[in-house]
Amino acid sequence: MESFEYELLATDGNARAGVFHTPHGDLLTPIFAPVGTQATVKAVTPAQLEELDASLVLANTYHLYLRPGAELVAEMGGLHAFMQWHRPMLTDSGGFQVFSLAAMRKIDEDGVTFKSHIDGSLHRFTPEKSIQIQELLGADIIMAFDECAPPYDRAYNERALERTHAWAERCLKAKTRADQALFGIVQGGVFPDLRERSAQFIASLNFPGHAIGGLSVGETKAEMHAMLEIVNGILPINKPRYLMGVGSPEDLVEGIARGVDIFDCVLPTRLARHSAAMTFTGRLNLMNAVFARDPRPIDEACTCYTCRTFSRAYLRHLIVAKEMLASTLISIHNIHTLLTLVRRARQAILEKRFNDFREEFLSSYHPRGKHTRHPEERGK
């Protein structure tokens, strides 16, 4: 695991700036990863992602297992060659998708039997199966198979925690590739004692990095923040921390303030496909008629290709005409916005001014919904 050394370069309060070394390049943390669920970041080419200087992309084990199949991806040279992304890549375990199927799956101590959302065919994931699939896919960072429980169900969370911990040990035993870093996942809902127990147990297994799961699933922002403070107060400081499925600007800043290093979310591309542009002060719905004759870019301070080149009026025209270029151009801007935000946060940490950066950002940013996350902002 020498390829996956984490260097902590600076701290400012609980915020951290570091470098995580991987076989496909260094990740400068804190970092945001665009989501490429089916081996593609929707509407954006790898070349465009490189121009944005994205350095980490996430792909989804569940979806790629069902289509085109992990064996086919391996035959094509693995995910990096298959999708022509030659920088670091992360795959999730498939657990979030399997457990979100609800009526279509059955859980036991050994694993989960589920029906495909595509054709209803029957499949089974175990910790060993998830690792096998992820080793065929070949991402730099892979995830332990865990159980994501409803955040407020205490009894369910207690049972799920035992399974998650047992499955984490089984994932470690099943892993064979030295060129992949396996992260353990902390669960426990909104219950402080369960989160504490899970963080202590997962940390004891000596993973090269740790993920925080089961958040961004309907709990309040205050509850998410409290769980992050508990977990990151326990996880070792010399390993990266990954908050799964979180990507709204205010959540990135608040997560960084509480010691998170890595984030991923579908939000920037999903919002783009629904005509919404992200800015450092809030969202713009470019479908609105007020933009029909607006000659300005989305954000006059933005340096992305979209803002350097096109007006709000043109983007609204593309949306109204149902041209797919709209999704591409707004996705480029939205991804650029989040990448810029975390880079600025990193620089602020290095310069010991993160608290000022955070206060300035939050004072001018107007999030959508003050208390709970909108459903479209949840994970994969």
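This is a predicted model: local features need pLDDT of at least 70, side-chain atom pairs count only at pLDDT 80 or more; totals for chains, interfaces and linings use all residues.
Mentor: Residues are numbered from 1 along each chain as its sequence is written, and side-chain values use heavy atoms, with hydrogens and water left out.

Trainee: Why is β14 called a strand with both faces covered?

Mentor: A strand is a DSSP run of E of at least two residues, and a helix one of H or I of at least four, numbered from the N terminus; β14 spans residues 262-265. Buried means under 20% relative accessible area, with exposed over 50% and partly exposed in between (1.4 Å probe, protein chains only). Ile262 and Asp264 on one side are buried, as are Phe263 and Cys265 on the other.

Trainee: How do you know that β4 and β14 pair?

Mentor: Pairing requires that DSSP find at least two bridges between two strands. Strand β4 (residues 31-34) and β14 have 4 bridges, in the parallel sense, so by that definition they pair. Ile31 has Ile262 as its bridge partner in β14.

Trainee: What makes β13 and β14 a pair?

Mentor: Strand β13 (residues 241-243) and β14 share 2 bridges, also parallel, and Leu243 stands opposite Phe263.

Trainee: Which order do the strands of the open sheet have?

Mentor: The 8 strands run β4-β14-β13-β12-β11-β10-β6-β5, with parallel pairing.

Trainee: Why is one side of β4 and of β5 left without a neighbour in the sheet?

Mentor: β4 and β5 (57-59) stand at the edges, and each has a single partner strand, so one side of each lacks a neighbour there.
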